[in-house]
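Here's a quick tour for anyone meeting this structure for the first time. Have a look at the sequence and the model, then read on.

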Amino acid sequence: MAERISRVPVREQDPKVRATNFEEVSYGYNREEAMLEASRCLHCKNPRCMSACPVGVRIPDFIEKLASGDVDGAAAVIALDSSLPAVCGRVCPQETQCEGSCILGVKSEPVAIGKLERFVADYASEPKVEKAPSNGMKVAVIGSGPAGLACASDLAKWGYGVTIFEALHKSGGVLQYGIPEFRLPKDTVLARELDRVAALGVRIETDVVVGKTVTIDQLMDKEGFKAVFVGSGAGLPKFMGIPGENLCGVFSANEFLTRNNLMKAFRPDYLTPIRAGRKVCVVGGGNVAMDAARTALRLGAEVHIVYRRTEAELPARREEVHHAEQEGIVFDMLTNPVEVLGDEKGWVRALRCIRMELGEPDESGRRSPVPVPGSEFEIPTETVIMSLGTSPNPLISSTTGGLETTRRGCLVADESGATTRPGVFAGGDAVTGAATVILAMGAGRTAARAIDKYLKNL
Amino acid sequence: MFEILSKEMLTPNICRMKVSAPRVASAARPGQFLIVRADEKGERIPLTISDYDAEEGTVTIVTQKIGASSSDIISFEPGESFADVVGPLGLASDFVKCSSEELAGRHYIFIAGGVGTAPVYPQVKWLHEHGAAVDVIVGARTRDLLIYTDEFRHVCDNLYICTDDGSEGFHGVGTAMLEKLVAEGEHYTRAVAIGPMIMMKFSTLTCRKLGIPITVSLNSLMVDGTGMCGACRVTVGGKVRFACVEGPEFDGYEVDFDEAMRRQGQYKQEEAEAMEHHVCRIGRGK
């Protein structure tokens, strides 16, 4: 009978209303809705959802607790494998992970695992955390994003004295500067996750740019850190390298989002300026592109997403694409910019693009876009936001002896997170290049185990 | 916290502050900058480091009142603390890597304009201490706006003061002073210009004419200052560079100053509006 209930819809802010504010789009489930949705789970003997989760959250187990009304019990199950459930429930690409593997999805809709995780994280009381007594050993964690927070939490639970060094003035990494308020509220959801980490005794020192303010060598030789975890993310924005990219009004998505999220430029009482103008073109099709587009929309602009493939290839979460469409973002697919055109004062006036068509499948099996000759046209616009991905920042690799990097600037690390330098571990986007919150968190936890093993054998 | 230990107004609009920032102070080198965020709602403002003392754990910043954020920074008093001071950022000046032997044969000329005069000081001091010959041209509109002239007297070989109105020293701009010195037979191995973008542009044009290599320090717009936002991108030698991590100092001959000036003015309208509505947050508490 369970499968006869259809997926419980989640309540959301009306698209017309939310297009004008920065409050969270999804209200999430209430208790009754969550318990009803939880009752849809078939409790497969071989839970495919769990193997599709990068950190292996025991999904059927937490759902079972939740279905019986035991929210705290469900939270305890999730906590065994994930340190940021309120975040992951909101930002994970569930459709390609847990929910994408749910057996119910074959004939109808998968269990709303992400929404259930979010409900549990938001509504459970603070879990009692067992913490080992201090072992007197200090570990430095560089970066307070998902990888660093996960690594630091585990090490602190095991008795290590952990200090996180954060380059910006607020902790959270991409959760703070990258993901907008309307997807991940900062003062409630993110602050609560950060408080939990602090409650474990993790010290966070903000305003420290490792590689500039202090080097890894100094941390290890002079400040007594026995091991270091590098979770510095992939912070450098890519540009297209087309003419006109330095015109006034062309921004990286990183800049646009950092001004709005970290610096709170959308609030009139904060001093950092932001400029969207009346019309914005966002180039790219990932989550960051959707975030930049929906931010510009909320600042009052007409927004176009310019993407060289088709909607089917958009790498963004389905939910974000859907929300963006509902809010009135225009999707210009099979369109690739060739030049940014400026006015006589050096400001953007239009984006010159070429039409694309999908050609033969490449090695990856994806049909690669090829330009249609002679199809150039102009999209008049005031602002262009480049959202083409990011790469790791060389600040650390270039100032730390013995740390090898790949051709693409990523730190070389083995499966456990060990880099080419003894005592230095790494994980998350700094190693993989831009990926997801959950993968970074998983890498942080894996590295924590490796650090523990390394220090016990010193 | 980053406590302000001392404060003095060098001119009615230019303020010097010594701030406690031990980590920044012990890592700072000439040519680098830092970022100050005055309080929770403030902007991240990049400022060149005007002096640093690792033992004392202090850095000195010199701020000119231009907009709402710089007014806020200046409104702080000794005993109060900035929310954030982060740095040192950017690369140190090239000469920091040179040995005293290498520096001994060199003759530097610094062209300092306005508030840009302050960050020239640690560079001149370093070169002087490491055996290079250093002359400094300090320019301002009028004598009351001259800063750092006393400080320079102790650390440079020759100090030349210029004012646009002739109220003190040479009557004219810094580049005219440089041309005069070269005409009189001075020979410089390198010039360094720090000041308003337009002044660095003209210093570069003059140096090109005189055949002197020149370094300029670009005060581009920035948010994070660590390479993350790309607001500071400039075209240097035909390539896009990030002033925050690959600069702030570049070969003046290669910088596209016109683009840099346009990009620097991107938020002029917003800044003017902010200034109009700005209520200085003095007495905001600790």
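**The sheet in chain B**

Strand E1 (residues 2-9) of chain B runs antiparallel to E6(B), and two bridges join them. That's enough to call them a pair, since two strands pair if DSSP finds at least two bridges between them. This is a predicted model: local features need pLDDT of at least 70, side-chain atom pairs count only at pLDDT 80 or more, and totals for chains, interfaces and linings use all residues. Residues are numbered from 1 along each chain as its sequence is written, while chains are lettered from A and ligands numbered from 1 in the order in which they are written.

- Phe2(B) has Phe82(B), in E6(B), as its bridge partner.
- Seven strands of chain B make up an open sheet, with antiparallel pairing, in the order E6-E1-E2-E5-E4-E3-E7. Strands (E, at least two residues) and helices (H or I, at least four) are DSSP runs, numbered from the N terminus.
- Strand E6 (81-82) and E7 of chain B are the edge strands, each pairing on one side only.

**Helices on the sheet**

- H2(B) packs on the sheet, where it touches strand E2 (14-20), strand E3 (33-37), strand E4 (45-53) and strand E5 (58-64) of chain B. Its direction makes about 130° with that of E5(B); axes are lines fitted to C-alpha atoms, for helices over the stretch in contact, and angles run from 0 to 180 degrees between N-to-C directions.
- Helix H4 (residues 117-129) of chain B lies across E4 and E5 of chain B, at about 40° to E4(B).

**A helix pair**

- Helix H7 (residues 197-210) of chain B packs with H9(B) at about 175°, and their axes are 10 Å apart.
- So H7(B) is roughly antiparallel to H9(B), a label for angles over 145 degrees.
- Met197(B), Ile198(B), Met200(B) and Lys201(B) in H7(B) meet Phe257(B), Ala260(B), Met261(B) and Gln264(B) in H9(B). Contact here means C-beta atoms, placed from the backbone, within 7 Å.

**Where the chains touch**

- Chain B puts 35 residues into the contact and chain A puts in 30 residues.
- On the side of chain B that touches chain A, E7(B) gives the most, with six residues.

**Confidence**

- The model scores ipTM 0.93 and pTM 0.94.

Key:
Two residues are in contact if their C-beta atoms, placed from the backbone, lie within 7 Å. Angles under 35 degrees count as roughly parallel, over 145 as roughly antiparallel, 65 to 115 as roughly perpendicular and the rest as oblique.
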